[in-house]
Amino acid sequence: MAPDDAPRIAIACQGGGSHTAFTAGVLARWLTPEVLDHYNVVGLSGTSGGAICALLGWSALIEDKPELAKERLDAFWAANSAGSPPEKIINEMLLAAFRASHYISAPAISPYSTPTSNWSLEHLRSMLEQTLDFPAVTARAAEVGADAPLLLLGAVDVLSGSFKAFNSHDGEISPDAVLASAAIPNLFRSVPVDGHLYWDGLFSQNPPVGDLLYAHPDEIWVIQINPTERVTEPTSVMEIEDRRNELGGNLSLYQELNFIEQIDKLIERGALRTDTYRPVTIRILEMNRPPSSERLGYASKLNRDPSFLRSLIEQGDDQAGEFLAALRFEQAWDAGDVDAVLGFFADDAVMRAAEPFRALATTRDRAIQREFLTRSVGAGVSIDHNRKQIVKRTHAKWRVRAMIADRRVEGMAVADFSGGQVIRFALGTVDMFPLDPEE
């Protein structure tokens with residue numbers, strides 16, 4: 001395990017239905033010695049499917065058995081998949097019905113008008129209780145007390161409209177709290193908890209981020225399920241609904257992240273003096289949009305096909321690995337270690353740069369790359385840790401800055417990773433990106 005003075009990280013898991021199987025793969029990779037020997041995980045948060053993944057990862061840390069995280073995450077998603085022939089048929093019928101609903105008018109059915117919605121929630125409760133011994137885990141959390149990692153599960157109070165983050169330090173973690181975070185309004189009935197009625201928090205805190213600051217993290221690692229960008233304009237009803245869902249799911253997340261970023265900038269400039277808040281680095285791992293999302297739209301998030309869920313878990317593991325490679329690359333850059341930075345580059349890696357930094361024509365020549373890095377990494381081009389660092393697919397982006405001719409300039413550094421190595425790298429303005437994969 002990491003020493004006490006190791007950087008403190010909190011992990012926030014965005015919700016997104018079946019797509020959060022991706023989060024299971026990420027957490028299974030992050031809650032291993034590869035991370036835990038160098039970082040202290042002081043908090044996790046999640047909403048909907050992200051809440052379930054955060055809960056299972058947190059439970060392994062609470063029991064001081066992080067190796068159980070992968071076992072429990074795999075067990076839950078295996079149980080949640082449509083494995084039997086009847087379940088496969090139901091899954092296909094559900095997806096077909098959602099696709100048809102965009103073209104054929106049908107009466108909307110309230111979840112209060114069918115027993116299926118209640119059965120679905122109870123089925124989810126059963127899967128959770130089979131995967132996790134709630135009394136044992138919550139008792140262990142109470143025993144450890146304030147030193148235990150914080151867990152927050154996002155939901156929204158149906159009647160008051162107020163956001164709710166069920167808090168492990170307040171003894172609020174229970175199967176009901178998880179169900180409240182997962183109760184999608186048009187599919188499930190609201191879930192009563194302590195005299196209040198709750199729905200899924202997808203459009204409130206997705207996931208809770210601000211409250212993670214109570215765990216005093218140095219960094220917050222966000223697992224983002226909803227894509228930030230889209231290549232083509234959504235024109236069909238299905239595409240428009242899917243994009244609205246993505247934008248709505250990202251709204252609260254980026255509001256909270258941007259607030260933290262602004263506070264970091266104020267502290268750096270000396271405009272905000274506080275003993276209770278310190279700068280927090282934000283890192284985002286954004287899931288690559290699954291091909292089924294293009295075909296099925298929002299219904300893809302309801303797909304419980306076993307092969308689909310396994311592919312997302314594998315994708316999460318792969319992207320988590322490239323995230324960690326990008327983090328090691330950044331650490332070498334911060335240290336100004338040109339040899340270490342160059343050691344990340346594949347033999348045929350491409351490099352280029354443009355204003356406001358020293359221009360460099362596209363090159364694969366290792367000697368030229370070394371000379372360029374010596375005059376940039378070793379001469380004051382630094383990463384701005386007050387700005388979000390983003391890893392999307394295998395594509396890592398950092399905001400960077402430097403003093404050139406007594407003038408502060410800002411730009412962006414981008415690296416494409418494959419197997420932990422940099423295969424393309426560029427330094428320049430935002431307009432240069434994304435990188436051309438044909439280079």
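Tutor: A salt bridge is a side-chain nitrogen of Lys or Arg within 4 Å of a carboxyl oxygen of Asp or Glu. The general idea is that side chains of opposite charge can pair when their charged atoms come close. Please bear in mind that this model is predicted. In it, Asp384 forms a salt bridge with Arg401, with 3.6 Å between the closest N and O atoms. The two partners sit in distant parts of the chain, 17 residues apart: Asp384 in the loop between β11 (382-383) and β12, and Arg401 in strand β13.

Student: Is Asp384 buried or exposed, and is Arg401 buried or exposed?

Tutor: Buried means under 20% relative accessible area. Asp384 has 5% and is therefore buried; Arg401, at 15%, also counts as buried.

Student: Which parts does the pair of Glu286 and Lys392 tie together?

Tutor: The side chains of Glu286 and Lys392 meet in a salt bridge at 3.8 Å, N to O. Glu286 belongs to strand β8 (residues 281-286) and Lys392 to strand β12, so the pair ties together parts that are 106 residues apart in sequence. Glu286 is buried at 3% relative accessibility, and Lys392 is buried at 14%.

Student: How many salt bridges are there by this rule, and which residues do shared partners join into one network?

Tutor: The count comes to 18 salt bridges. Salt bridges with shared partners join Arg29, Glu34, Asp317 and Arg328 into one network. Within it, the side chains of Glu34 and Arg29 meet at 2.8 Å, N to O. Glu34 is partly exposed, with 33% relative accessibility, and Arg29 is partly exposed, with 22%.

Student: Which residues lie nearest the centre of the second largest pocket?

Tutor: A pocket, by contrast, is an open set of points. The second largest pocket has a volume of about 670 Å³. Of its 24 lining residues, Asn40, Val41, Val42, Asp147 and Pro149 lie nearest the centre. Strand β2 gives the most to the lining of this pocket, with three residues. The lining divides into 16 nonpolar, three polar and five charged residues.

How values were computed. Residues are numbered from 1 along each chain as its sequence is written. This is a predicted model: local features need pLDDT of at least 70, side-chain atom pairs count only at pLDDT 80 or more; totals for chains, interfaces and linings use all residues. Side-chain values use heavy atoms; hydrogens and water are left out. On a 1 Å grid over the protein atoms alone, a cavity is a set of points where a 1.4 Å probe fits but cannot get out, and a pocket is an open set with protein on both sides within 12 Å along at least five of seven lines; lining residues have an atom within 4 Å of a point. Grid points are joined across faces, edges and corners, and a volume is the space filled by probe spheres set on the points. Helices (H or I, at least four residues) and strands (E, at least two) are DSSP runs, numbered from the N terminus. Ala, Val, Leu, Ile, Met, Phe, Trp, Tyr, Cys and Pro count as nonpolar, Asp, Glu, Lys and Arg as charged, and the others, Gly among them, as polar. Buried means under 20% relative accessible area, exposed over 50%, partly exposed in between (1.4 Å probe, protein chains only).
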